[in-house]
Amino acid sequence: MTDDLRARAEELDALDPLRRHREAFLPMGDVVAYLDGNSLGRPLRVAKEQLATFVDGPWADRLIRSWDEGWMTWPERVGDQLGRVALGAAPGQVVVADATTVLLYKLARAAVDALPERREVVLGSDDFPTDRYVLEGVAAERGLTLRWVETDPDLGLTVEQVAAAVGPDTALVVLSHVSYRSSYVADLAAIAQVTHEAGALLLADLCHSVGVLPIELDAWDVDLAVGCGYKYLNGGPGAPAFAYVSARHLPRLQQPVWGWMGRAEPFGLGPGYQPAAGVRQVVSGTPPVLAMVPLRASLDQLEEVGVAAVREKSLLLTGFALELADAWLVPAGVRIATPREPSLRGGHVTVCRDDFREVTAALWERGVIPDFRSPDGIRIGLAPLSTSFAELYDGMALLRDLLG
């Protein structure tokens, strides 16, 4: 059986139309299997080169003149590319700035302030912690009520749960497109519909879906969205995040952090704040230009490949991971928390056992790098552009051996 699975991994690698893209990434040192691409993507070779070129060129040679020669518009330019390549968003609706937590706060505050007569925010009890914490803070600031929907940790917010929770007092629904625990994919289009039927707005967290799942924010009628640049987008640790504001909301939403870079005339330096036109108003402080260099390199790669091809390989990788888990891990008392239905499964697979915190540490010592999520889950994060099927096989074989 093991030999058959090894042969299957080799066959899948041989047939992989994306296999040449693995060579675009820098070597991993002593790592045997990197199974954490859903937490921190690997660096591209070209990103290293472009960072050096950036330092030697526009930074060293042009210095402050580079702001007038292009840097000032990077938040919108990179945002438009991100919208085109990965978000299904027309130009003028995406901006790159800040961290996910900050942008989540900005958009959540803008949303509830736009509907002051409504006093409730709907969110899942097991959504990613920063989402819950930010909304707790917004609720405290604005005197709002959080309507917690008790969600199954193996799932996320379902259409039926949202429909049952929203009502005439709902201002905002907040949820993750892909659950950070189980990899469950929420139906954003259907949730947007039931949210709008209640007269509320929808804010989606795309951190675990952008770059690995097809996303159609305009077509799905999503109001607002945020996401990070360091997971499947390979922008590096601390890469800037992005915010999406549907064009229909830009005239009426106003984010609460009024900084000079989001002002209509930032160098006017006069009294009073007048927000810039369009999505630029979401920017507050100096754009993180240097940090956008690796992100732009990754978007170029993703644009060449296409998200549809990435999704196709992602489903093969997660399907193979489930096949290995069924053969090797389930007999050892492991529970699979990830949906088996492909349309409901994101880019990672989560397996659970009581001792997995200690097992994760043992894996790291041996060069196999997944991550652990309390209380008992190992997430096997599979980045389709950099992960091979043989690498997945090797990593899960070591996990199997550690379980005895």
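Contact, in these legends, means heavy atoms within 4.5 Å. Helices (H or I, at least four residues) and strands (E, at least two) are DSSP runs, numbered from the N terminus. The model is predicted, so to speak of local features pLDDT must be at least 70, side-chain atom pairs count only at pLDDT 80 or more, and totals for chains, interfaces and linings use all residues. Residues are numbered from 1 along each chain as its sequence is written, and side-chain values use heavy atoms, with hydrogens and water left out.

**View 1. Helices H5 and H6 meet.**
Thr101, Leu104, Tyr105, Ala108, Arg109, Val112 and Asp113 of H5 touch Thr130, Asp131, Val134, Leu135, Val138, Glu141 and Arg142 of H6. Sorted by class, this contact has seven nonpolar, two polar and five charged residues. Here Ala, Val, Leu, Ile, Met, Phe, Trp, Tyr, Cys and Pro count as nonpolar, Asp, Glu, Lys and Arg as charged, and the others, Gly among them, as polar. Two packed helices are described by the angle between their axes and the distance between the axes. The axes of H5 (residues 100-114) and H6 (residues 129-142) come within 10 Å and cross at roughly 40°. Axes are lines fitted to C-alpha atoms, for helices over the stretch in contact, and angles run from 0 to 180 degrees between N-to-C directions. H5 and H6 are therefore oblique to each other.

**View 2. A seven-stranded open sheet.**
Follow the strands in the order S2-S8-S7-S6-S5-S3-S4, with mixed pairing. Two strands pair if DSSP finds at least two bridges between them. S2 (94-96) and S4 (145-149) stand at the edges with a single partner strand each, so one side of each has no neighbour in the sheet. From one strand to the next, the twist averages 20°. S6 (residues 201-205) and S7 (residues 224-227) run parallel and are joined by three bridges; leucine 203 has leucine 224 in S7 as its bridge partner. Helix H8 (residues 188-197) packs on the sheet and touches S5 (170-176) and S6, its direction making about 155° with that of S6.

**View 3. A four-stranded antiparallel sheet.**
This open sheet has the order S9-S10-S13-S12. At its edges stand S9 (335-336) and S12 (371-373), each with a single partner strand, so one side of each lacks a neighbour in the sheet. Three bridges pair S12 with S13 (residues 377-381) in the antiparallel sense, and aspartate 371 stands opposite arginine 379 in S13. Helix H11 (residues 307-329) packs on the sheet, touching S9 and S10 (348-352).

**View 4. Helix H11 alongside helix H13.**
The axes of H11 and H13 (residues 389-402) come within 10 Å and cross at roughly 25°. That makes H11 roughly parallel to H13. Their crossing is right-handed. Residues in the contact include Phe320 and Leu324 of H11 and Leu392 and Met396 of H13. By class, the contact has 14 nonpolar, no polar and two charged residues.

Definitions and conventions
Angles under 35 degrees count as roughly parallel, over 145 as roughly antiparallel, 65 to 115 as roughly perpendicular and the rest as oblique. A crossing is left-handed if the near helix is turned anticlockwise from the far one by less than a right angle, and right-handed if clockwise.
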